Amino acid sequence: MAVPSVMVLPMLIVVAAGLYYIYKEVMQFMSKSLVRNKVVVITDAVSGVGSECARLFHTGGARLILCGTTWDKLESLFDSLTGDADPSQTFAPKLVILDFSDMDSMEEVVAEVMECYGYVDVLICNSSTKLKAPVQNVSLEMDKNIMDINYFGPSTLAKGVLPTMISRRGGHVVLVNSIQGRLAIPFRSSFAASKHAAQAFFDCLRAEVEEYGISVSTISHTFIDASTPPPVQEPVPKPNSLAAFIASQLTHGVRPSVLANEIMQTVNRKRKEVVLAHPIPRAALYLRSFFPSFLFSVVAAGVKDSVMAEQMQ
């Protein structure tokens, strides 16, 4: 019996949806199985992204080493992970106090991390701190603090776990960076500089350790949006404010759960570089490479407009 032509398209849609669902389920299963028994270190595990990552990797059967600045928050995360977990399928996480702003403690922290299991399979550098201010208002002390947390901390920790990865001929280092490690935005000079430095360090590291079977991945994302979506739609930028529109798109956030899933997929597929951003930031990256003068003019115009707006208030 022939199928009426009017039914062909709906049937194709249903079949495609079914195949997509099966694909997602298979990928989800594979994601969990690939990290099972792996020793995974997550820095700033008590943050929104860190806790989402911890849940994903814990459910997948990874041996977690969760790092954070406060013991109370780490214990709270530990309780939430182990409360309803099946002990036959998961491992109780190990907790380590880690504060990148205290670089003098890094040698002891690295030793404590390595004592947990003797080696590390996956290091996820997730820690970050931000600052928004004009260049002339940022002190040298503030610059150094941001560089410690965003650059010196992750790079030092990576160096600390590297020897055992090299000796075991394998491992994976993931830098959860920022789109501002590739594209500088006004009033964020210290933050953008630290992220550029981190991007360069891990790019160099990737090339240096590839011969040892070690993977290095960087994930460049827009800002983390952990807020509750507003009940009303925000006003659309004025048609003559191109710079304001681009600026709003450059800071269009990504949800913690989305970024955590991207981190899991990056670990599973060993992708070297991921850009998690909307079309406008992506376009800005291309403009920075091929038409820098145009991008500089647009960004400078945006700064000038913001200064004028503040003066009129």
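**Ground rules**

I number residues from 1 along each chain as its sequence is written, and my side-chain values use heavy atoms, with hydrogens and water left out. Since the model is predicted, local features need pLDDT of at least 70 and side-chain atom pairs count only at pLDDT 80 or more, while totals for chains, interfaces and linings use all residues.

**Entry 1: the whole chain**

I started with secondary structure and found 10 helices and seven strands. Helices (H or I, at least four residues) and strands (E, at least two) are DSSP runs, numbered from the N terminus. I then looked up burial: of the 313 residues, 40% count as buried. Buried means under 20% relative accessible area, exposed over 50%, and partly exposed in between (1.4 Å probe, protein chains only).

The accessible surface comes to about 17,400 Å², and 60% of that belongs to carbon and sulfur atoms. Accessible areas come from the Shrake-Rupley method with a 1.4 Å probe; for residues, only the protein chains shown count as cover. For contacts (heavy atoms within 4.5 Å), I took those between residues at least 6 apart in sequence: 74% of them join residues at least 24 apart.

**Entry 2: V173**

Next I went to strand β5 (residues 171-176), where V173 sits. V173 has a relative accessible area of 0%, so I note it as buried. What does V173 touch, not counting residues up to four places away in sequence? I listed L123, A158, M165, F202, S215, V216 and S217. I also checked V173 against D121: the two are 52 residues apart in sequence, with C-alpha atoms 8.4 Å apart in space.

**Entry 3: salt bridges**

A reminder to myself: side chains of opposite charge can pair when their charged atoms come close. I count a salt bridge when a side-chain nitrogen of Lys or Arg is within 4 Å of a carboxyl oxygen of Asp or Glu. How many salt bridges does a search of the whole structure find? It finds five, and I looked at some of them.

- E273 and R182 meet at 2.8 Å, N to O. The pair links distant parts of the chain, 91 residues apart: E273 is in strand β7 (residues 273-276) and R182 in the loop between β5 and α6 (189-209). Both are partly exposed, E273 at 42% and R182 at 28%.
- E210 and K272 meet at 3.9 Å, N to O. E210 lies in the loop between α6 and β6 (214-221) and K272 in the loop between α8 (256-269) and β7, so this bridge ties together parts 62 residues apart in sequence. I have E210 as partly exposed at 49%, and K272 likewise at 47%.
- R271 and E262 meet at 2.8 Å, N to O. Here R271 is partly exposed at 26%, whereas E262 counts as buried at 17%.

**Entry 4: surface patches**

My patches are made of residues with over 30% relative accessible area and no salt bridge; like charges are joined within 9 Å, and nonpolar side chains (Val, Leu, Ile, Met, Phe, Trp, Tyr) within 5 Å.

Which residues form the negative patch? I found D102, D104, E107, E108, E112 and E115. Asp and Glu count as negative and Lys and Arg as positive, with His and the chain ends not counted; the place of a charge is NZ of Lys, CZ of Arg, CG of Asp or CD of Glu. From this group I picked E107, in helix α4 (residues 106-117), which counts as exposed at 70%.

The nonpolar patch, about 530 Å², is made by Y286, F290, F291 and F294. F294 belongs to helix α10 (residues 292-312) and is partly exposed at 47%.
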